[in-house]
Amino acid sequence: MNATSPVLEKLQNVLALEKDLGYTDRAVIGGLAKFSTFWHKEARASTDDTSLIQLVEETVGLLEEYASGDVEERREIVEAIQRRWASADGHVMSPKTRPVQEEPRAQASTTPPSEARTNLDSPVTELHGISAAYAKRLERLGVATIRDLLYLFPHRYDDFSSLKTINQLMYGEEVTIMGTVTETKERTGKRGQSIVTTTLSDGTGAVQATWFNQPYLVKRLTPGKQLVISGKVDQYLGRITFSSPTWEPLDKELIHTGRLVPVYPLTKGVSARWLRRLMKRTTDYWSLRLPDHLPLALREQRNLPNLESAIRQTHFPEDWERLEQARRRLAFDELLMIQLGVLRQRHEWRKASGQPVQIDPSLLRTFLESLPFDLTSAQEKALSEILGDLQKPKPMSRLLQGDVGSGKTVVAAAALLMTVASDMQAVLMAPTEILAEQHYASLSKMWSELWLPGLTKLTSCLRLLTGSLKPSDKESIYTEIASGKARIIIGTHALIQEALDFKNLGLAVIDEQHRFGVAQRASLRQKGHNPHVLVMSATPIPRTLALTIYGDLDISTIDELPPGRREIITRWMRPRERERAYNFLRSRVLESEQAFVICPLIEESEKIEAKAAVEEHRRLQEDVFPDLHLGLLHGRMTADEKEAAMRQFYRGEMNILVSTPVVEVGIDVPNATVMLIEGADRFGLGQLHQFRGRVGRGEQQSYCLLLADSPSDTGQQRLKIIESTQDGFKLADEDLKMRGPGEFFGTRQSGLPDLKVARLGDVKVLEEAREVAKRIFEEDPDLELPQHRLLARRVREFWHRGRGDLS
């Protein structure tokens, strides 16, 4: 098949006509998808060159998707096919026309022509069959390069490996059968749709399979053809049948049937079959070219498969056991990359010299005695650890974690006070403006009677710096910071903007850490002479996990609540009690209190989640609480819109705030006493506990109501646990055990690269990776040894992909 081949000429003529007709899919009767069926057979019969056969398969794959595209996407498909064939012509000649004396090209059997000049970091458009339109769709799945494609893993597998004969079939089973087509018929359904029915026989019996709106199957599933069919056994009028099963000819390697079939995340315009075919081609060719960054000795010692095998077995596993081995290897990789990254940060940070803070015991005692309560023993221990670090000539790098309401702010306030009393500056950075304002107000009140050495009133050195200040006010504060007049600065991420220079930054306190990434932490450190850094998190994290996520930090934990703090009454309400929940919420509002309503988590997309929240807000406002003021907060709103909504709620201008899970962090409304969570079974225990912590900030009794329409067994178990305890650390441990492949609290929020394979419940793999990372780091901290060069490159790639920081 060459440029003058009738088969290729036929394809070129059809594509040219289709272009002339404005990509309307009318160049041939029945459309290009139907044409591809006939053309495929002719093209395969006219060549036995493997490169051309691959090109034929890719062309057919594109044409099968043609009808579902819009005009622009169809144009892209036509042009992509024309481009591929133009580049193939002259590179690869048909065996029937190749001169006898010419040696076959060395790479013709394995390397598609255009891929010979391509590498793992090339865009996916370099692969045969991926047009610009398809590349845009793949981008929605996080795929831009060939390497990204190799790491686009299935989210589950259909087990079609169980091969049965027709006489063994039982209703409801997921099975695979092999048989010969005895008859294929097409009829038109009541709604005008095409219904194709094929009868298959295997010598033990016969069974019918039915497909809808796929008329081209009549030409493909011809009598005498041997097929493999996988799917759920159905029944119709008492007979065993298959409805819309997946199928493949018996004469080719099975990728859609007869095995553990990968199920990938999809997006509009990308079909499961198209993506599976693409993944098979890509893994077969490109997994062989992936350099294995783990040294052989380490792989053998830890009994880990090589990278090529792990990638292939994760995409197209031979059996469950090999899949688990492959998954363990890839999970180990991810956790090792994270460990090496955070150990590197810790190493860099530790070797820098810092400024020791001189503790003023008299001022500290005055401050603690001025508080209307005594510190708990856990607060005292945490404060002692922090003050101990501040006095060292090495910069502190510490995580202060405690449950909501455990009193972290008071401990941080003491550290800030000691720093400024030692003639240095300190900052407190919060994730939202409203939280920064709340910190400013509470610290102003806490420090109202305190004086610094030299008779300076502490509050006169305190400044609030947020993004929404007028430019002139910002400039004024910038000047005061640079001169040292402003000693304690509270604000948002505006603090890490480059225009800001400190005279002598001694301490940076970052509130709600998992809203700030590693890169922001590093940026803050660069603002001063290696300032001490204290990170506060209200997300209780089990120790093993904390060592992974915050491996570059020492950890202090406040694991007891102040005495006398009221428990938040938590109730799981059944669907029939919804009206009762609404009535209770109304009764609290009539007592001048406020309430949150959290909409269900929708995993498909933030867009759908936002739409659902808008609809729920409308329903509640119009049908349930028409006489009350309801606000709305969702992830598609701009930062300013979110701030405005939270501010209105904080001021009491709204009775109820309807929100998507975006409210988890960043608002402290003492007057809010009811948290009503819709679809509560969809959230992890950690998230539910965080939502609950948004109420109970004032004097009144607070409540958390959990609504779930039809929770699974696991969902019910979670709801019972959250009802039974207020202990965030106990909940964190339970959450980690239960989440499985789910994320504990989303690495996206932690500033770490996303985990594609590792489950945060993989404690054994996690500890193994940490042990190996420590050993490698002790032996070769800069990964300069020959056996670690590939590993060093992979660590850089991994953190770059995650937009983390490797300072």
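Is glutamate 437 buried, partly exposed or exposed? At 27% relative accessibility, glutamate 437 counts as partly exposed, a label for anything between buried (under 20% relative accessible area) and exposed (over 50%), using a 1.4 Å probe and protein chains only. Before going on, note that this is a predicted model, where local features need pLDDT of at least 70, side-chain atom pairs count only at pLDDT 80 or more, and totals for chains, interfaces and linings use all residues. Residues are numbered from 1 along each chain as its sequence is written, and side-chain values use heavy atoms, leaving out hydrogens and water.

Glutamate 437 meets arginine 647 in a salt bridge, 2.7 Å from N to O; the term covers a side-chain nitrogen of Lys or Arg within 4 Å of a carboxyl oxygen of Asp or Glu. This pair ties together distant parts of the chain, with arginine 647 in helix α21 (residues 639-650) and glutamate 437 in helix α15 (residues 433-446), 210 residues apart. Helices here are DSSP runs of H or I with at least four residues, strands are runs of E with at least two, and both are numbered from the N terminus. Arginine 647 is buried at 17% relative accessibility.

Now look at arginine 578 and aspartate 709, a salt bridge with its closest N and O atoms 3.3 Å apart. Arginine 578 sits in helix α19 (residues 578-590), and aspartate 709 in the loop between β23 (703-707) and α23 (713-724). Aspartate 709 is exposed, at 55%.

Glutamate 615 and arginine 618 pair up too, at 2.6 Å. Because they are three residues apart in helix α20 (residues 606-624), about one helical turn separates them.
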